[in-house]
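Let's take a friendly walk through some local features of this protein, from backbone angles to aromatic rings. Please have the sequence and the structure open as you read.

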Amino acid sequence: MKHRLSAHRSVAQSAFRAIAKISDRARKRRGVAILCLILFILGAVRLTPDTLTRAWARITGSSKVSSFRWWPAQSVHAQGTGGGALTFTIFDAPAAGTGMLQGTMGTSINDGGDIAGIYLTAPNVAHGFVRSGTTGTITEFDAPNAGTTLNQGTFPASINTAGDVAGMYFDTGNAQHGFVRSATGTITEFDIPGAPTSIGHRGTLPLSMNAGGEITGFYVDANDVRHGFVRASNGTITAPIDAPGAGTGLTQGTIPLSIDTVGDITGFYKDAGGTFHGFIRASNGTITAPINAPGAGTGPSGKVSFVGTLPLGFDAAGDIAGTYADANGVNHGFVYTAASATPTFTPFDAPGAGTTGLFFSGTGPFSMNGGGDVSGLYTDTNGVRHGFVRTATGTFTAPIDAPGAATTGMFSGTVLISINSLDDITGTFEDTNGVFHGFLLASAPPPPAAATPTFSPAASTYTSPQMVTISDTTPGATIYYTTDGTTPTTSSTKLTAPIPVQSTETIKAIAAATGFANSAVATATYTINLPVPDFLVSVSPSTLTIVAGQSGKATFTVTPQNGFNSQVSFACTGLPSEAACSFSPTSVTPNSAAVTSTLTVTTTGPSAALRVPTPTSQRPTYALLFPVLAMIFGFAARRRGALRGLQLLGLLMLLMVASGLTSCNGGSAGAGNPGTPIGTSSVSVSASASGAGALNHAATLTITITH
């Protein structure tokens, strides 16, 4: 999760915030004790135990120093709504002191799990360290000009994603200066123009650094007025930054607390009346102010509480989280949707938070990550401090108590100071001997992921449909898949058989198994470039022998190819004369399977010649001719010489009559039909599909005609 929250608030930042809470009057009476408490809780110890004990006696009015009970022997283990889902890793800088009010404090954690922080040695000298998120190795360091006596030293405030650290150091005269330590260990010291460099408790205090190396914070001028600044990664400084309405008196002014990845900053300012107000300054210099939480008190602070609103940091959307104190000095958390068109406040209190407590009451967010999750502390009704995490959806994990943390005493409890985008947290707690320890609080390690599914055949381009199998090497894994481009979940289709891929398709799959996290999504795209839909034809048998006048049958088969499903019609060509063909059915439509039609070839047999009967109307004519012929032949016999020619004429007429009477029943003969000729023919049986991309295929049938 990518964050706008550049660097988590340091303990030093929150220390100033708490110190600034105290009214001038209260500071005069309780200054040393309050200063010690705040800096101890939030990371910058300033007093020795003896001094604090005497101050405590003055605050409580007790003349018996021994009545101040510091660290009882009671401790608790880590708790949380996850029922053991949170894991504490306790660590100490190798050179950290082991005496009372000494030890180790984590102040900032980056997304890689690297932690910057402070460790304290006698006599309460601060030093910096970086703990590797990969190896857990702790590297200690000091700013070159840091002081080495009481209340001096090096105070890391923020670590960015590159591993660079920003913070402050107090020199031998207790003047404050800024520094940047690169991930390679090079330290660059700097001062803001206008900040004193030789006045004790004045100077430059960097608090937050973003991923680009920009730093924000504040400086205290010679008049004890606070002003904001931004230092670019190249060292260019923009200062002073003063919110409209910020006071110009002692301890008043403007204090930026956080800078995001685009250079926007948020923080608070204290007005002339002592009320705290939030502000946002965009990277272009535009300041939005005041930002006041509903219910925040107004007016000068009372006792050790502040009154007003303190934004702490951004999430990735540009919204902010922080804390506000009501008129009674009770602290509450809030989220403010600063990036929306109509910004709104959502106040919240950690479950179990009380309304009373020494030095701090209620709920105090310290850090917000890019996802909108907030970590911090709250004081319960018994005055014990506990850590909490509030998710962006409003769900709380609380109480969070480090194992070994004291439950009573001035510095009892667990302080969650900085949260990264993975919800890993660093902070500090005090044990029953008064020694501080750093910690890394992380969610329980996630289970290993199931193996990523594999596909067979592999994703590629094919010219025919494919049957795709998906397998996984994780024992007992169930595979879920989608074919519509969406990301599969355990609610998607469960794989039970190979997946038919008829056309271009993308398959996504995951594996799920007991004891494993879901696998990564496996994706395979199959490009199916099928040939044009077509069909094949065949005839069986391919030869027929038919006796003329009879018929023969054959089966004509149409087989679809590549999804062909159009109507096919049939015809024959090349038949011999007096032969014909027919199909049943006359057309077919294949639908993923071969279909057939029966072909019938019919022939014609030969026929004999017929006599045509003589018309009855001519028969009287033949009857009259016979007497005439007789007379001619008789007359010719008596006159042989002269009438021989007439006799010949009669003979011819007689032949004509005889010819007319020779037909059957007196008729005449007609022509006959020879039928389908004997022989062999090659018949082309064709199948045609109409429409777009019309197709035509034929098969050959050999026909032999016999008698």
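## Positive phi angles in loops

Ser 592 sits in the loop that runs between β44 (587-588) and β45 (595-603). Although Ser 592 is not a glycine, its phi is positive, at about 70 degrees. The model you are looking at is a predicted one. Is Ser 592 buried or exposed? With 71% relative accessibility, Ser 592 counts as exposed, because the cut-off for that class is over 50%.

His 201 is another residue to look up. Its phi is near 65 degrees, a positive value in a residue other than glycine. You will find His 201 in the loop between β10 (187-190) and β11 (203-209). At 41% relative accessibility, His 201 counts as partly exposed.

## Cis peptide bonds

Now turn to two prolines. The bond from Ala 289 to Pro 290 is a cis peptide bond, and its omega is near -5 degrees. Pro 290 belongs to strand β18, which covers residues 287-291.

Ser 456 and Pro 457 are also joined by a cis peptide bond, with omega about 0 degrees. Where does Pro 457 lie? Pro 457 is in the loop between β31 (454-456) and β32 (461-462).

## Aromatic pairs

How many aromatic pairs does a search of the whole structure find? The search gives 16. One of them is formed by Phe 348 and Phe 388. The two ring centres are 6.3 Å apart and the planes make an angle of 70 degrees, an edge-to-face arrangement. The label follows from the angle, because planes over 60 degrees apart count as edge-to-face.

Phe 348 is part of strand β22 (residues 345-348) and Phe 388 is part of strand β25 (residues 385-390), so this pair ties together parts that are 40 residues apart in sequence. Phe 348 counts as buried, at 7% relative accessibility, and Phe 388 counts as buried too, at 0%. Elsewhere among the aromatic residues, Phe 334, Tyr 336 and Phe 345 make up one aromatic cluster.

## Arginines over rings

Two arginines are worth a look as well. Arg 181 lies over the face of Phe 141, at 4.8 Å from the ring centre.

Which ring does the charged end of Arg 231 sit over? That ring belongs to Phe 190, and the charged end of Arg 231 is 4.6 Å from its centre. Phe 190 takes us back to the loop of His 201, as that loop lies between β10 (187-190) and β11 (203-209).

Methods. Residues are numbered from 1 along each chain as its sequence is written. This is a predicted model: local features need pLDDT of at least 70, side-chain atom pairs count only at pLDDT 80 or more; totals for chains, interfaces and linings use all residues. Side-chain values use heavy atoms; hydrogens and water are left out. Rings of Phe, Tyr and Trp (its six-membered ring) pair if their centres lie within 6.5 Å; planes under 30 degrees apart count as stacked, over 60 as edge-to-face and the rest as tilted. Helices (H or I, at least four residues) and strands (E, at least two) are DSSP runs, numbered from the N terminus. Buried means under 20% relative accessible area, exposed over 50%, partly exposed in between (1.4 Å probe, protein chains only). A charge sits over a ring if NZ of Lys or CZ of Arg is within 6 Å of the ring centre and within 35 degrees of the ring normal.
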